[in-house]
Amino acid sequence: MEQDVPEQAVERQYTPAPGEPQFTPRAVLLGALTGAVVGCANIYVGLKIGWSFGASIIAAVLSYATAAGVGRRLSVLETNIAQTAGAAAGSMAGAAGLLSVIPAMQLLDQQITWPTLVLWALAVSFLGVFFAVPLRRQFIE
């Protein structure tokens, strides 16, 4: 049984203009810088109160505001790339265990060196990136 959907209720999909910038170095750079700031804030807040926050909207607003502040606004799709990169980098603190397991081990006098932490973060990043692709169909589509 098919229902008629009013025209106002139909969502419109964004269609980029021809030649509109999308995946640019400045979008990735702004996303990485925003992610670094949000990641540091997430670690600080997470260790102080035990919670972390989603970085998606913060990354989008900070990236767009930074680009607009220097006089070069991002396009919609560049903002999306910066938001995605910033949110991924900003949530890395919680995903890597820097808000739970690693500090708990430090409190139990288990010394963890910087190279070990970097190796751990790279391993978690690798797993996140390479398992996201095969799991996309099951979780998103």
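## Thr-79 and the basis of the model

Thr-79 is found in helix H3, where helices (H or I, at least four residues) are DSSP runs numbered from the N terminus. Thr-79 is buried, with a relative accessible area of 14%; buried means under 20% relative accessible area, exposed over 50% and partly exposed in between, with a 1.4 Å probe and protein chains only. Leaving aside neighbours within four places in sequence, Thr-79 is in contact with Ala-60, Tyr-64 and Leu-74, contact being defined as heavy atoms within 4.5 Å.

This is a predicted model, in which local features need pLDDT of at least 70 and side-chain atom pairs count only at pLDDT 80 or more, while totals for chains, interfaces and linings use all residues. Residues are numbered from 1 along each chain as its sequence is written, and side-chain values use heavy atoms, with hydrogens and water left out.

## Packing of H2 against H3

Helix H2 (residues 56–69) and helix H3 (residues 76–90) pack at an angle of about 130°, and their axes are 8 Å apart; the axes are lines fitted to C-alpha atoms, for helices over the stretch in contact, and the angles run from 0 to 180 degrees between N-to-C directions. H2 and H3 are therefore oblique to each other, given that angles under 35 degrees count as roughly parallel, over 145 as roughly antiparallel, 65 to 115 as roughly perpendicular and the rest as oblique. The crossing of H2 and H3 is right-handed, a crossing being right-handed if the near helix is turned clockwise from the far one by less than a right angle, and left-handed if anticlockwise.

On the H2 side the contact is made by Ser-56, Ile-57, Ala-59, Ala-60, Ser-63 and Tyr-64, and on the H3 side by Thr-79, Ala-82, Gln-83, Gly-86 and Ala-87. By class, this contact of H2 with H3 has six nonpolar, five polar and no charged residues, where Ala, Val, Leu, Ile, Met, Phe, Trp, Tyr, Cys and Pro count as nonpolar, Asp, Glu, Lys and Arg as charged, and the others, Gly among them, as polar.

H1 and H3 pack at an angle of about 30°, with axes 7 Å apart, and their crossing is right-handed. Residues of H1 in this contact include Arg-26, Gly-31, Gly-35, Val-38 and Asn-42, and those of H3 include Glu-78, Ile-81, Ala-85 and Gly-90. The residues of the contact of H1 with H3 divide into eight nonpolar, six polar and two charged.

With H2, helix H1 packs at an angle of about 125°, the axes being 9 Å apart, and H1 and H2 are therefore oblique to each other. H1 passes H2 in a right-handed crossing, in which Leu-30, Gly-31, Thr-34 and Val-38 of H1 meet Ile-58, Ala-59, Leu-62, Ser-63, Thr-66 and Ala-67 of H2. The residues of this contact of H1 with H2 divide into six nonpolar, four polar and no charged.

The structure holds one salt bridge, defined as a side-chain nitrogen of Lys or Arg within 4 Å of a carboxyl oxygen of Asp or Glu. The side chains of Glu-78 and Arg-26 meet in this salt bridge at 2.8 Å, N to O. The pair links distant parts of the chain, since Glu-78 lies in helix H3 and Arg-26 in helix H1 (residues 25–49), 52 residues apart. Glu-78 is buried, with a relative accessible area of 1%, whereas Arg-26 is partly exposed, with a relative accessible area of 25%.

Asn-42 also lies in helix H1 and counts as buried at 2% relative accessibility. Residues up to four places away in sequence not being counted, Asn-42 touches Ser-52, Phe-53, Gly-90, Ser-91, Ala-93 and Leu-99.

## Later residues of the chain

Ser-100 is placed in the loop between helix H4 (92–95) and H5, and at 43% relative accessibility Ser-100 counts as partly exposed. The C-alpha atoms of Ser-100 and Gly-46, 54 residues apart along the chain, are separated by 8.7 Å. Asp-109, in the loop between helix H5 (101–107) and H6, has a positive phi of about 65° although Asp-109 is not a glycine, and Asp-109 is exposed, with a relative accessible area of 63%.

Val-124 has its place in helix H6 (residues 114–139) and counts as buried at 18% relative accessibility. Beyond its neighbours within four places in sequence, Val-124 is in contact with Met-92, Ala-95 and Ala-96. Val-124 and Met-92 are 32 residues apart in sequence and 8.6 Å apart in space, C-alpha to C-alpha.

Methods: Helix = DSSP H or I, 4+ residues; strand = E, 2+ residues; numbered from the N terminus.
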